[in-house]
Amino acid sequence: MKVSVSIVTYNHAKFVRQTLDSVLSQQTNFDFEVIVGDDLSKDNTREILLEYQARYPDKIRLLLHPTNMGNNGMYNALSTFKAARGEYIAQMDGDDYWTSPHKLQKQVEMLDQHPEYSACFTNARIVFDDEHYEPVILVTDKKPFYTVDDLIGEDEIFFMATSSIMFRKNAIPEYPEWYYKSQSGDIPRNILLAKAGPIGYIDEIMSVYRKNIAGVSYADNVLDKKFLDNRILMYSNINRELDYKYDKVLRKNIARYYKMMLEAKQYKDSYFRRAGAALKFLYLGRPKGQVAKEVIQKYVMPAPVFKLYSAIRLMPYRLMDRS
């Protein structure tokens, strides 16, 4: 088997037909299988999957988990990777879809021609359910291939849509223990793939990444301490995985999350927690000028605390004056 298409679903009844149709319409000169892992959807996703499997029994295999496997679908995705019989694995979420019938063929040709590549991906379009938002093209800084250097930055870097990636099954023989602690599967997986070899790029828009503005978004998560703690843990583990080669950059990346934590809902009424996060931001990020001054004044030494500190410092002198 040349390719296994890995699809993960959870409450994707509204979209999964389009997803499956875009996969089944692929034109290839090799055999490929479709493995769908469903994380105990509460809508009629499973009924749709069973309908498609009945129509394509030799093409589609279903992993209908008896419980939700958790961790934002990571374990569901890993279960499909483990079940894959293909040399290459093409990822997909159950609400995304492919726009070119030649996607699999072109990606296989690239990986066959470049044994040094651990994976390859195509350009993709982000489409928002809310029609007020215009579609966004993901890849703007185009290169023939990408390495770890391109995936590490002071900010979070995202330009590889899940539905655009194909990787060698043996590129990651075993996931490190720290990987399973991350709420994001894609970011650390792409780092591990790039560590195994360059990731090739095909400069064509061949997939669509669907984004639901009304759902839980990144903007909601940055106000949640648990999410921020997990991102800090993830990038700390990535730093160690890469033998601290990018320590200076990743420390600044981690510092960003400590700065976001200053507005976390769990810290809303806690001066000491905010001050602790602020000090970690200042230590790791080493901000200069106005940024550092504002953080110190607002979170470390706010006006009421500064007045109390000044009063305590001046108290001996006032007592001496009275005597």
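Two strands are taken to pair if DSSP finds at least two bridges between them. Strands (E, at least two residues) and helices (H or I, at least four residues) are themselves DSSP runs, numbered from the N terminus. The structure is a predicted model, in which local features need pLDDT of at least 70 and side-chain atom pairs count only at pLDDT 80 or more, while totals for chains, interfaces and linings use all residues. Residues are numbered from 1 along each chain as its sequence is written, and side-chain values use heavy atoms, with hydrogens and water left out.

Strand 7 (residues 136-137) runs antiparallel to strand 6 and is joined to it by 2 bridges. An antiparallel pairing over 3 bridges also links strand 6 to strand 9 (residues 165-168), where C120 faces M166. With strand 10 (residues 199-211), strand 6 runs parallel, through 10 bridges; within this pairing T122 lies opposite I202. Of the 10 residues of strand 6 (residues 119-128), 8 are buried, so the strand is largely enclosed by the rest of the structure. Here buried means under 20% relative accessible area, exposed over 50%, and partly exposed in between (1.4 Å probe, protein chains only).

The chain as a whole comprises 12 helices and 10 strands. Its 323 residues include 48% that count as buried. Contact is defined as heavy atoms within 4.5 Å; among contacts with a separation of 6 or more, 76% are between residues 24 or more positions apart. The accessible surface, computed by the Shrake-Rupley method with a 1.4 Å probe and, for residues, with only the protein chains shown as cover, comes to about 17,000 Å², and carbon and sulfur atoms contribute 54% of this.

Helix 1 (residues 16-24) packs against helix 2 (residues 45-55) at an angle of about 25 degrees, the axes being 10 Å apart. Helix 1 is therefore roughly parallel to helix 2, a term for angles under 35 degrees. Axes are lines fitted to C-alpha atoms, for helices over the stretch in contact, and angles run from 0 to 180 degrees between N-to-C directions. V16, R17, L20, D21 and L24 in helix 1 meet I48, L49, E51 and Y52 in helix 2.

L242 is placed in the loop between helix 8 (225-241) and helix 9 (247-261). This residue, L242, is buried, with a relative accessible area of 10%. Neighbours within four places in sequence aside, L242 contacts V148, I152, I191 and K195. From K195, L242 is 47 residues away in sequence, and the C-alpha to C-alpha distance is 8.1 Å.

Definitions and conventions. Angles under 35 degrees count as roughly parallel, over 145 as roughly antiparallel, 65 to 115 as roughly perpendicular and the rest as oblique.
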